[in-house]
Amino acid sequence: MAIEIRDVNKSFGEAAVLRDVSVDVASGSLTALLGPSGGGKSTLLRVIAGLERPDSGRVLISGRDATRLPPQRRGVGFVFQHYAAFKHLTVFENVAFGLKIRKRPKEEIRKRVGELLELVHLDQFAARYPAQLSGGQRQRMALARALAVNPEVLLLDEPFGALDAQVRKELRTWLRRLHDEVHVTTVFVTHDQEEAIEVADTIVVLADGVVQQAGAPGDIYDNPASPFVMRFLGPVTEIGGRLLRPHDVELSAEPGPGTRPAVITRVVRLGFETRVEFRVREPGGAGESGQEHPAWAQMTRESARRLSAEAGAEVHVRPSVRAATVPAS
């Protein structure tokens, strides 16, 4: 393992931010720390970097105990959300900074920086200053600067958080391609579920300072360990007291085994997909009429057309046989 976190606790005053956190990060992997604001993601990243010291527990990097090592001796590169660029230095000089303070030979610096700027597609901007770059270009420059010193581990704290949605999408695709080329062990913090699923090999879901679940994106999405994880990692609806994904809801015009009656309240067409909202009636006990509650299904436009889905129509709903479900509470 490139990084081993063992039973780490961290508090700020009376507030416990990390509670008995244990995480393994495989060598050469791209791991996302995913969770809501205040869940402990950035604190855990800073503990790995050595910018925060845990109250208890251990941090091992490449097999050696780094718990009490200063940041400069951990072999990590760190990229913050807001770039932290040196405004008075050119792009070339920004990327070369770490190599210069390590007193590397000039020819080695020139070659290494040239290779990195080409890798991040900024070689034509080497003589520009940060203010002359777009937000996405400045973030690519920050990544090149972090990679310049050949870190064992690259740590990214919400690297695309300050960018607009379209640039975020472009950069996360670029980050995945970059990682596949350089293979440096990378851990990044995000609260964006789609970003984590699209980019990461492994997702660690953190909330309330506790690891809620860790695993491959597909495994966590399809087999969430708790209602919290299921709700956080994607859209959900509720049928029969269980949470499931809206695309795992089957609607039919006729009743069948395991179906519940429902009435469509709204149909929203979103390009190829259609969102069908309805009120589903749950069976009541002896002498009781049962309760209605809102739910929804995600289906193709063609499936909605075949169903003649429209507000006021009576339908019958059930989870598909392949649906992953968890109790609603």
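**Entry 1, helix α3.** I kept in mind that this is a predicted model. I began with the buried residues of α3 and found that they pack against α2 (91-101) and α4 (135-147). Those buried residues are Ile109, Val113, Leu116 and Leu117. They sit on the same side of α3, because their arc around the axis is only 95°.

The 14 residues of α3 (residues 106-119) should span 20 Å at 1.5 Å a residue, and the end C-alpha atoms are 20 Å apart, which agrees. After α3 comes His121, with a positive phi near 60°.

Is α1 enclosed or open? I noted that seven of its nine residues (41-49) are buried, so the rest of the structure largely encloses α1. Lys41 is among the buried ones, as are Leu44 and Ile48. Gly50 follows α1, and its phi is positive, near 90°.

I put the largest pocket at about 640 Å³. Its lining has 23 residues, with Val76, Gly77, Phe78, Arg102 and Val149 nearest the centre. Which element gives the largest share of that lining? It is β6, with four residues. By class I noted 16 nonpolar, five polar and two charged residues.

The second largest pocket holds about 150 Å³. Its lining has three nonpolar, four polar and four charged residues, and β13 (249-252) and β16 (291-300) each supply at least two residues.

Note on methods:
Residues numbered from 1 in each chain as written. Predicted model: local features only at pLDDT ≥ 70, side-chain atom pairs only at ≥ 80, totals over all residues. Heavy atoms only, no water. Expected span 1.5 Å × (residues − 1). Buried < 20%, exposed > 50% of the residue type's maximum accessible area, 1.4 Å probe, protein only. Arc of directions from axis to C-beta. Contact = heavy atoms within 4.5 Å. 1 Å grid on protein atoms, 1.4 Å probe; cavity = no way out; pocket = protein on both sides within 12 Å on 5 of 7 lines; lining within 4 Å. Points joined across faces, edges and corners; volume = space filled by probe spheres on them. Nonpolar A, V, L, I, M, F, W, Y, C, P; charged D, E, K, R; others polar.
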